[in-house]
Amino acid sequence: MSADTKKPALTTEVFVGPQATMEGGKGTFSPTSSTLICGEHDAVLVDAQHLRADILALGDLVERQGRRLTTIYITHGHADHYYGITELLRRFPTARAVATKAVVAYIRENEKNQEKQWRQMFGDRVAIPADIPEVISDKLSLEGHALEIYELGQADITPSTALHVPSIGLIVPGDLVYNGIHMMLGLGGPKQWGEWYRNVEALERLAPAMIVAGHKKPDASDCEVARIFAETKSYIRDFESAAARAKSAPELVEAMTAKYPDFGNPWTLRFSARSRFPRSV
Ligand SMILES: [Zn+2]
C-alpha cells in the first residue's frame, strides 16, 4: 500500500442558503452554496454566506460534523460569498479566513459599495463583516490532501478562483459555474462572457467527479458534471446570441426563459437583460 492510499478519504457537506427576497419585494437573490470539506479531524469551509440566518445554519452544520475548522477559503470578493466570515470566525476561533491577493484587493476596493448595495437589498438581515479575509501565503491542504487554488480570472467578475481537490475529484468553482439557476451576466459584456466561457472549459479539463456551483438549486445534483458544464456554457452562448438579436430587455428575458424554463431565480435574468438595455424597463 502506498503512503497515499493510507490517507482517509475526504468527505463533503454542501450547504445551500435558500433564495432570499429583497427588501420591499424588489427581487430575489439566488440560493448560494458553501462547501465543507471534512477530513478525519479537521475541516475546510469554502465560502461563508451573507445573511445572518444562513450563516447561523451553516455554522450549525459545521458544528454537527465535529471537526476542527482550520480554514475558510473565499472564492471571490462578492458579499454573498464572504460576509459570513466574522460570525463564523467568532464561532470557530481555530479557523482563519483566506483568499488570494487579488480577491482581497477586490474586497478592499469594493467594501463601501457592496455594503451599501447589500443593506439596500437585505436591510438588517445581512451580516456586515468586521473582517476581511487574509491574503493566503501558503499552499492549502487538509490532512495531507492538496487543495489547489485556480486563479482563473473572469466569471461574473474578475478576479474569480476555484478550489480543486484532486484526491476526491471535487471542484468548488465559486460563481464560475452555476447549477439550475439563471447566471449573472449583467456585470460584463461579450468580452467578459468569452473569457468566462473559456474558464469553464479550463475547469472541465480537470475532469471532476463533483462540482458545487456557487449558485445552485438546493436539490440539484453536484455529481452530474457533464450536464452542469454543458448548461453553464450553453447559457453564456445563448444569452450572448439572444442579447444580440433582442430589441428590448423583455424580449431578451422571453428568449432565455423559453430556453431555460426551469432555471431558478429569474430576477438574475431580468437584471442581466436590463444591463444590456439600460433604458428599457
Ligand atoms: Zn455569488
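Hi everyone, let's start with the strands: strand 10 and strand 11 (residues 160-165) are antiparallel partners, joined over five bridges. Strands here are DSSP runs of E with at least two residues, helices are runs of H or I with at least four, and both are numbered from the N terminus. Two strands count as paired if DSSP finds at least two bridges between them.

This is a predicted model, where local features need pLDDT of at least 70, side-chain atom pairs count only at pLDDT 80 or more, and totals for chains, interfaces and linings use all residues. Residues are numbered from 1 along each chain as its sequence is written.

Back to our pair: Gly153 has Ser160 in strand 11 as its bridge partner, and the hairpin joining strand 10 to strand 11 runs through six residues. Strand 10 (residues 145-153) also pairs with strand 9 (residues 140-142), antiparallel over three bridges. There, Ser141 is bridged to Ala146 in strand 10. That hairpin has two residues between its strands, and Glu143 takes a positive phi near 50°.

Now for helix 8, residues 249-259: which residues are buried there? They are Ala249, Leu252 and Met256; buried means that 20 or more other C-beta atoms, placed from the backbone, lie within 10 Å of a residue's own, while exposed means 12 or fewer, and partly exposed is in between. Seen down the helix 8 axis, the buried residues fall within an arc of 65° (taken from the directions from axis to C-beta atoms), so they line one face of the helix.

Lastly, Ser241 lies in helix 7, and this serine is exposed, with 10 other C-beta atoms within 10 Å. Thanks, everyone!
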